[in-house]
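Hi everyone, thanks for having me. Could you put the structure up on the screen, please?

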Amino acid sequence: MKIETIAIHAGNHTDESSKAVVQPIVMATTFERGEDGGYPGGHIYSRSSNPNRVSLEKVLARLEGGEDAAAFSSGNAAGMSVFQSLQPGSHIIAPDDMYHGLRNQLKQLFAGILEFDFVDVNDSEVLKAHIKPNTKVIWLETPSNPLLKVTDIKAVVAIAAAYAIKVVCDNTFATPLCQQPLALGADMVMHSSTKYFGGHSDLMGGALVTAKKDEWWEKIRSVQTMGGAVPSPMDCYYLTRSIKTLPYRVRGHVKNAQLLAEYLDNHDKVEKVLYPGLQSHPQYAVAKAQMTGFGAVLSFLLKDGEAEAKRVINALKLFTRATSLGGVESLIEHRASVEGPDTKTPFNLLRVSVGLEHIDDLIADMEQALG
């Protein structure tokens, strides 16, 4: 099936008792045993499994082309489950501009438990130089947040395979509509489903999708069920519902982002635009080769520095000043202020999540703000 059909049908089934076309929300925390002590409905306790979560995980796996998926209560919980599944003393290589939430997890929660290095994963020699006998995971984030770096997934997979290292790719910015890391050889994909899967800035979730249901995946499943950082049945229902429109929403987001990036790239007050869909992007060729769309997040730097960036962000009317991305409304953020003192983000940079408003209105708003 094509991805539009998968999005609509893979996570839904007709209710057997009522014949309702839309799957009902099952709010039960526990399920009745059979006379033999078993569970004829397939569920024991909602921390372990729930009909709505099963439906969500099924459609997530199909969208990414994986064998299985695990849903979590947030993207950070999904990422943390990968770290928790590793033996103490394991080594992780991660991007030097890794999303600060997961970077802080490693630095503040796993220091002394896991080893980790933040490096330029786009430099194959640097990457190889940091591989150790205990390296278990190479973590990728492409495009990255908020510098929009693009990593050649196949190239990293080839290096990792030579050392039997797993590759996990944060695919949140791209979504499965724009990039399929598992098809490029990655072992696992992570998402903050709060973003494009939810798509309306009103629920939180995270997900992992695996290429193979192997021993490592079973460890992650154990972290999910024993740790209990799972989404509620209601959140699973709304995520599954939102995914039905994901292909069409993402296409609209990407189209708007490309046009806004081109506008900003030609503005005399803009120093640089970071967007993989521009030929000026340093990894444009890689993005064009491995992505079917360039995503809907862009960053741009103002020539007149941090003060000008903050002036512009406060002058905008349609772009909401807020963290997050992937909702139907356009959001903008002075990212360095959010990331803290060790940020690698330039202080004249603004990150934009381009929404589904009419592009003419978005450009007009940006025009009046830039002045």
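Before that, some ground rules. This is a predicted model, where local features need pLDDT of at least 70 and side-chain atom pairs count only at pLDDT 80 or more, while totals for chains, interfaces and linings use all residues. Residues are numbered from 1 along each chain as its sequence is written, and side-chain values use heavy atoms, with hydrogens and water left out.

Okay, let's begin with helix 2, residues 51-64. When I say helix or strand, I mean DSSP runs numbered from the N terminus: H or I with at least four residues for helices, E with at least two for strands. Helix 2 has 14 residues and spans 21 Å from first C-alpha to last, close to the 20 Å expected at 1.5 Å a residue. That expected span is 1.5 Å times one less than the number of residues.

So how enclosed is helix 2? Of its 14 residues, 11 are buried, so the rest of the structure largely encloses it. Buried here is under 20% relative accessible area, exposed is over 50%, and partly exposed is in between, using a 1.4 Å probe and protein chains only. Among the buried ones are Leu56, Leu60 and Leu63.

Now look at the ends. Asn50 caps the N-terminal end of helix 2, with a side-chain oxygen 2.8 Å from the backbone nitrogen of Asn52. Just after the helix, Gly65 takes a positive phi of about 70°.

Asn52 also turns up next to Pro24: leaving aside neighbours within four places in sequence, Pro24 is in contact with Asp15 and Asn52. Contact means heavy atoms within 4.5 Å. Pro24 sits in the loop between helix 1 (3-9) and helix 2, and counts as partly exposed because its relative accessibility is 33%. Pro24 and Pro233 are 209 residues apart along the chain, yet their C-alpha atoms are separated by 9.9 Å.

Next stop, Asp68, in strand 1 (residues 68-72). Asp68 has a relative accessible area of 15%, so it is buried. Not counting residues up to four places away, it touches several others, including Ala61, Trp217 and Arg221. The side chains of Asp68 and Trp217 are joined by a polar contact of 3.0 Å. A polar contact is a pair of N or O atoms within 3.5 Å; within protein, one must be able to donate a hydrogen and the other to accept it, and residues adjacent in sequence count only if both atoms are side-chain atoms.

What does UniProt list for Lys195? The unreviewed entry gives "modified residue: N6-(pyridoxal phosphate)lysine"; such annotations may be inferred rather than shown by experiment, with positions in the numbering used here and feature names shortened. Lys195 lies in the loop between strand 6 (188-191) and strand 7 (206-210). At 16% relative accessibility, Lys195 is buried, and a 2.8 Å polar contact joins its side chain to that of Ser192.

Last, the cores. A nonpolar core is a set of buried Ala, Val, Leu, Ile, Met, Phe, Trp, Tyr and Cys residues joined through side-chain atoms within 4.5 Å. The largest one has 84 residues, and those with the most contacts inside it include Leu63, Leu260 and Phe300. Helix 10 (residues 246-265) gives the largest share, 8 residues. Where does this core lie? Domain 1 (3-241) and domain 2 (246-370) both contribute residues, so it lies between them; those bounds come from an automatic or database domain assignment. Apart from it there's another core, of 23 residues, among them Phe72 and Val168.
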